[in-house]
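Please keep the sequence and the 3D view at hand while reading.

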Amino acid sequence: MAAGHVQEFACFTDYDKELVCHWKVPAQTNCSKEFLLRYGEEHCEQDHVCVPVNEKDSLRCTCTICQDYFVSALTYSLSLQFNGTDVWNYSVIPALVVKPRAPKNLAIKKLENGNFNLSWEESYSPSSMLSGHPVIYEVKYWRKQHPTEVYVKAINYQAKSFEITASSLRRGYDYVASVRCNYTDYPAYWSEWSEEVEFHYDYQVTVEDILHMAVPISCILIMAVSVICYFCFTKYVSYCS
């Protein structure tokens, strides 16, 4: 395998504990036996080894480099070997390839006004490098029976909840919601979408619904009474004549 056959080599980090590098390989490749990723801090003789594994689809190799912490000025020098021969050299600055962990502990609660409050928690501890940095979120939700009809809402401020309005939902359906995040000081990647939470929008009748029904019903009754009165009047006039 020549250097040109190492395709889509890329790295990203949660900027807390892991730096993950992956690359595309032909089917039937045994990543652990054929590849080796050597890495070390730039301008440092210390050398480490990461043995890659096959991803589930077997079309990519993945190496996970675990660290106790990351610092903003850190640069890694990487050397990828195929059957003992160097085929790829790469430098990566973790601060420029941050892919944050997805929000966690999603919860949803129905409010008195009929809307639904979706809440979540940040996935980083106060001691993390990302703690305290500005973070924005995207919320998506959809009818479980129609997963292609997705509503996506951007939250351009630091918040940990979002109110899903009842007017954007259809009664009698199950809904699914998820959240992802991006740290604006480290904007290279959005996180993966979080674990999903489900909720049901039932057929509870609201005051607005009653008013919507009352208007046409009132019109029909007025028309009916008018017609009855008209026929009664014409019959009375005929009788008197």
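## The link of Cys11 and Cys21

The link of Cys11 and Cys21 is right-handed, with 105° about the S-S bond. The two residues form a disulfide with sulfur atoms 2.1 Å apart; a disulfide here is a pair of cysteine sulfur atoms within 2.5 Å. Cys11 lies in strand β1 (residues 7-13) and Cys21 in strand β2 (residues 18-24), so the pair ties together parts that are ten residues apart in sequence. Helices (H or I, at least four residues) and strands (E, at least two) are DSSP runs, numbered from the N terminus. Both Cys11 and Cys21 are buried, where buried means under 20% relative accessible area, exposed over 50%, and partly exposed in between (1.4 Å probe, protein chains only).

The model is predicted: local features need pLDDT of at least 70 and side-chain atom pairs count only at pLDDT 80 or more, while totals for chains, interfaces and linings use all residues. Residues are numbered from 1 along each chain as its sequence is written, and side-chain values use heavy atoms, with hydrogens and water left out.

## The other disulfides

A search of the whole structure gives three disulfides. A disulfide is a covalent bond between the sulfur atoms of two cysteines. Another of them joins Cys31 to Cys61, with 2.0 Å from S to S. This pair links distant parts of the chain, with Cys31 in helix α1 (residues 31-34) and Cys61 in strand β6 (residues 60-66), 30 residues apart. The link of Cys31 and Cys61 is left-handed, at -85° about the S-S bond, and both cysteines are buried.

Cys50 and Cys63 also form a disulfide, and their sulfur atoms are 2.4 Å apart. The torsion about the S-S bond of Cys50 and Cys63 is about -120°, so this disulfide is left-handed. Cys50 lies in strand β4 (residues 48-50) and Cys63 in strand β6, so parts that are 13 residues apart in sequence are tied together. Cys50 counts as buried because its relative accessibility is 7%, and Cys63 is buried with a relative accessible area of 0%. With bonded cysteines counted along the chain, the disulfides follow the pattern 1-2, 3-5, 4-6.

## Cys66

Cys66 is exposed, with a relative accessible area of 55%.

## A sheet of four strands

Strand β4 also belongs to an open antiparallel sheet of four strands, in the order β4-β3-β7-β8. The edge strands are β4 and β8 (85-92), each pairing on one side only. Two strands pair if DSSP finds at least two bridges between them. Strand β3 (residues 35-41) and strand β7 (residues 76-82) pair in the antiparallel sense over seven bridges. Phe35 stands opposite Phe82 in β7.

## The lining of the largest cavity

Residues that line the largest cavity include Arg101, Glu122, Tyr137 and Cys181. A cavity is a set of points, on a 1 Å grid over the protein atoms alone, where a 1.4 Å probe fits but cannot get out, and lining residues have an atom within 4 Å of a point. Strands β11 (135-143) and β14 (173-183) each supply at least two residues of this lining. Cys181 is buried, with a relative accessible area of 3%.

Technical notes. On a 1 Å grid over the protein atoms alone, a cavity is a set of points where a 1.4 Å probe fits but cannot get out, and a pocket is an open set with protein on both sides within 12 Å along at least five of seven lines; lining residues have an atom within 4 Å of a point.
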